[in-house]
Every structure is written in C-alpha cells, then in structure tokens.
Amino acid sequence: MNDDLDDDFDSGLLEEELRQAAAVLDPLPPALLQIAVDAYALHDLDARVAELTFDSLVDAIPVRGATDVPRMLTFTAGEVTLDVEVTAEGLMGQVLPPRPARVEVLGGPQSTTPLVADDLGRFTTATPPSGPFALRLRTDDDVVVTEWLRA
C-alpha cells in the first residue's frame, strides 16, 4: 500500500465519524443500554463465578409424555452448591451446604427484590425469570454469581 495514503488516512477520525453516523441512523435502544450498564455494575471483584454443572435441558433424559417439566439447574463454586428449579410459576432453590443467604435474580433493567434463603438454604419467588438471567448469592462471608442463562 502507498505510504502517502497511509499518512493521510486518520483511522481515529473515521472511527468517530462512523460512531456518529451509527448513533443517528441506528441508535442504541435505551433498554439495551440500561442492560449493559446494569451488567457492568454487576462486576464484582470479590464474587466467585459458579459453574453450571447440571442443566436438565442438556443433561437429563427426557420422559415420554411429560409436558411442562421444570428446568433443573445446579451451579457449583468451590464448596458452595446452588440447586435451582425454574418453572412457569416461578423459581425455587436451595443453597448447599444449608445456610442463610440473600439471593438476587438478575435480568434486564428491572430491579428485583432480593430473596431470603432460610436456615436450610431454601428460597423461592413466584416470578419466573424472563429472558437471560443469573443469580447472585450473598452470605455473611461469600459472594457467588452464576453464569447467565436463558429462561
């Protein structure tokens, strides 16, 4: 390529012009921007990421004739296990080993009320997650965040 053309070409200026054109012709929806801001705010350096170790959509053997079966999920982070059942009626789960905890269902721009896990680690909500969701578990000495999944 010609070095004279490279000297005249300002990639930073072109990038800025393309950004401005995209902002005018194809603006970012406000809800998507809020989701991105919320996702960034979830970044917690002290949180451990819980790995999805079981998903009934992938790992379970289907039962003939069964309809509207709940989705069973198991997340693991070190010694902490989070078992969750997702149905059309809501979400319920248990923290193992059992302990009191606060569980947040993360998803979208709407804020959720934290769920309280009892002394046996059980929690429930009558609102099923819609769209992508994750769970954040807070105990007295630990913060665990699950992978994001689609409901």
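This briefing covers strand pairing, salt bridges and one surface patch. The model is predicted. Strand β9 pairs with β1 in the parallel sense and runs antiparallel to β8. Seven salt bridges turn up in a search of the whole structure. A nonpolar surface patch involves L28, L32, L33 and I35.

- Strand β9 spans residues 143–146.
- V143 and V145 point one way from β9, while V144 and T146 point the other way. All of these residues are buried.
- Strand β1 covers residues 48–55 and pairs with β9 over three bridges, in the parallel sense.
- T146 in β9 is the bridge partner of A50.
- Strand β8, residues 132–138, is joined to β9 by three bridges, and the two run antiparallel.
- Opposite V144 in β9 stands L137.
- A hairpin is formed by β8 and β9, with four residues between them.

**Salt bridge R48–D142**

- R48 and D142 form a salt bridge, and their closest N and O atoms are 2.5 Å apart.
- This pair links distant parts of the chain: R48 sits in strand β1 and D142 in the loop between β8 and β9, 94 residues apart.
- R48 counts as partly exposed because its relative accessibility is 27%.
- D142 has 16% relative accessibility, under the 20% limit, so D142 counts as buried.

**Salt bridge R71–D55**

- The side chains of R71 and D55 meet in a salt bridge at 2.5 Å, N to O.
- R71 is buried, with a relative accessible area of 12%.
- D55 also counts as buried, at 6% relative accessibility.

**Salt bridge R136–E104**

- R136 and E104 meet through their side chains in a salt bridge of 3.2 Å, N to O.
- R136 belongs to strand β8 and E104 to strand β5 (residues 101–106), so the pair ties together parts that are 32 residues apart in sequence.
- R136 is buried, with a relative accessible area of 8%.
- E104 counts as buried at 13% relative accessibility.

**A salt-bridge network**

**Nonpolar surface patch**

- L28, L32, L33 and I35 make a nonpolar surface patch of about 350 Å².
- L32 is found in helix α3, which spans residues 30–41.
- L32 counts as partly exposed because its relative accessibility is 45%.

Conventions:
Residues are numbered from 1 along each chain as its sequence is written. This is a predicted model: local features need pLDDT of at least 70, side-chain atom pairs count only at pLDDT 80 or more; totals for chains, interfaces and linings use all residues. Side-chain values use heavy atoms; hydrogens and water are left out. Patches are made of residues with over 30% relative accessible area and no salt bridge: like charges are joined within 9 Å, nonpolar side chains (Val, Leu, Ile, Met, Phe, Trp, Tyr) within 5 Å. Accessible areas come from the Shrake-Rupley method with a 1.4 Å probe; for residues, only the protein chains shown count as cover. A salt bridge is a side-chain nitrogen of Lys or Arg within 4 Å of a carboxyl oxygen of Asp or Glu. Buried means under 20% relative accessible area, exposed over 50%, partly exposed in between (1.4 Å probe, protein chains only). Two strands pair if DSSP finds at least two bridges between them.
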